[in-house]
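Hello,

Here is the structure we talked about. My notes follow below it.

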Amino acid sequence: MLGEGILKGMAETAKNFFLSYVSKERLTTVEYPEERIPAVEAARVFPFLVYDGADWQAGMRCVACQICEKECPPKCIYIEKSKDKKPDFAGKPQFYPTRFDIDVSVCMSCQICVEVCPFEAIKMDNEFELATGDRFGGLLYDRHQLARSNEYYHSVHPTEASEVDARLAAEKAKVEAKSKTAAQAAAAKAAAPAPPAGGGR
Ligand code: SF4
Ligand code: SF4
């Protein structure tokens, strides 16, 4: 019949229109900001810096290697490396950033900084309500503003954060086993009887 396709299409549209008032799956309008839908785990907005423990400075994972700064396509990361070192999650002395700024007015949320970081130190946040009247200073976040606890990381990306924890725990166990073996070897050497005086030639 001529126009049958059009009638079928109109019927489908009408069905969807009326069902959108009663069917939960079809209620696609979210009355933001009163109503919010939870962010999906893969959502990403701008990066944050992960720290372990309660002290953001002591626990910051970043070792100021500056790989992310070099790889960031729009060059919106600014890092200054410390002169001294502090222990990392495994107790190894590492440099840390005395300055770590991200200009989020320039950041394009590409996640390259996250992908190139060998220390699981930078991750993507899903926070998007960042409006400010200060176009420049208000969007240049320093290391304190960027710092988020590992617990926070778990709350936004639970699957990924658990995998990272497992990897870091395995790495820590390896470092501890290595230093234990070295300590045992040193103790065995110290306990070995000294060679007789005047021995040799
Ligand atoms: S998400 Fe991309 S643009 Fe933003 S800081 Fe990281 S590398 Fe740079
Ligand atoms: S966030 Fe990662 S890649 Fe960037 S400086 Fe810190 S440790 Fe290096």
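Helix H1 covers residues 4–19. Its 16 residues should span 22 Å at 1.5 Å a residue, and its end C-alpha atoms are 22 Å apart, so the two agree. The expected span is 1.5 Å times one less than the number of residues. Helices (H or I, at least four residues) and strands (E, at least two) are DSSP runs, numbered from the N terminus. Buried means 20 or more other C-beta atoms within 10 Å of the residue's own; exposed means 12 or fewer, partly exposed lies in between, and C-beta atoms are placed from the backbone.

Before the rest, the ground rules. This is a predicted model: local features need pLDDT of at least 70, side-chain atom pairs count only at pLDDT 80 or more, and totals for chains, interfaces and linings use all residues. Residues are numbered from 1 along each chain as its sequence is written, while chains are lettered from A and ligands numbered from 1 in the order in which they are written.

Now strand S1, residues 47–51. Five of its five residues are buried, so S1 is largely enclosed by the rest of the structure. Pro47, Leu49 and Tyr51 point one way, Phe48 and Val50 the other.

S1 belongs to an open sheet of three strands, in the order S6-S1-S8, with mixed pairing. S6 and S8 are the edge strands, each pairing on one side only. Neighbouring strands here are turned by 50 degrees against each other on average, direction ignored. (Axes are lines fitted to C-alpha atoms, for helices over the stretch in contact; angles run from 0 to 180 degrees between N-to-C directions.) Two strands pair if DSSP finds at least two bridges between them. S1 and S6 (residues 122–124) run antiparallel, joined by three bridges. There, Phe48 has Lys123 as its bridge partner. S1 and S8 (residues 147–149) run parallel, also with three bridges. Val50 is partnered by Arg148.

A further open sheet has three strands in the order S2-S5-S7, with antiparallel pairing. Its edge strands are S2 (77–81) and S7 (140–141), and each pairs on one side only. Two bridges join S5 (residues 97–103) to S7. Ile102 has Tyr141 in S7 as its bridge partner.

Next, the ligands. Ligand 1 has 14 residues around it, and the closest are Cys72, Cys107, Cys110, Ile112 and Cys113. A residue counts as near if its C-beta atom, placed from the backbone, lies within 6 Å. That shell holds twelve nonpolar, two polar and no charged residues. Ala, Val, Leu, Ile, Met, Phe, Trp, Tyr, Cys and Pro count as nonpolar; Asp, Glu, Lys and Arg as charged; the others, Gly among them, as polar. Ligand 2 has 13 residues around it, with Cys62, Cys65, Cys68, Cys117 and Ile122 nearest.

Last, Ala161 in helix H7 (residues 158–191). Ala161 counts as buried because it has 20 C-beta neighbours inside 10 Å. Leaving out residues up to four places away in sequence, Ala161 touches Asn150, Tyr153 and His154. Contact means C-beta atoms, placed from the backbone, within 7 Å. The C-alpha atoms of Ala161 and Glu151 are separated by 8.9 Å, at ten residues apart along the chain.

Best wishes

Definitions and conventions: Contact = placed C-beta atoms within 7 Å.
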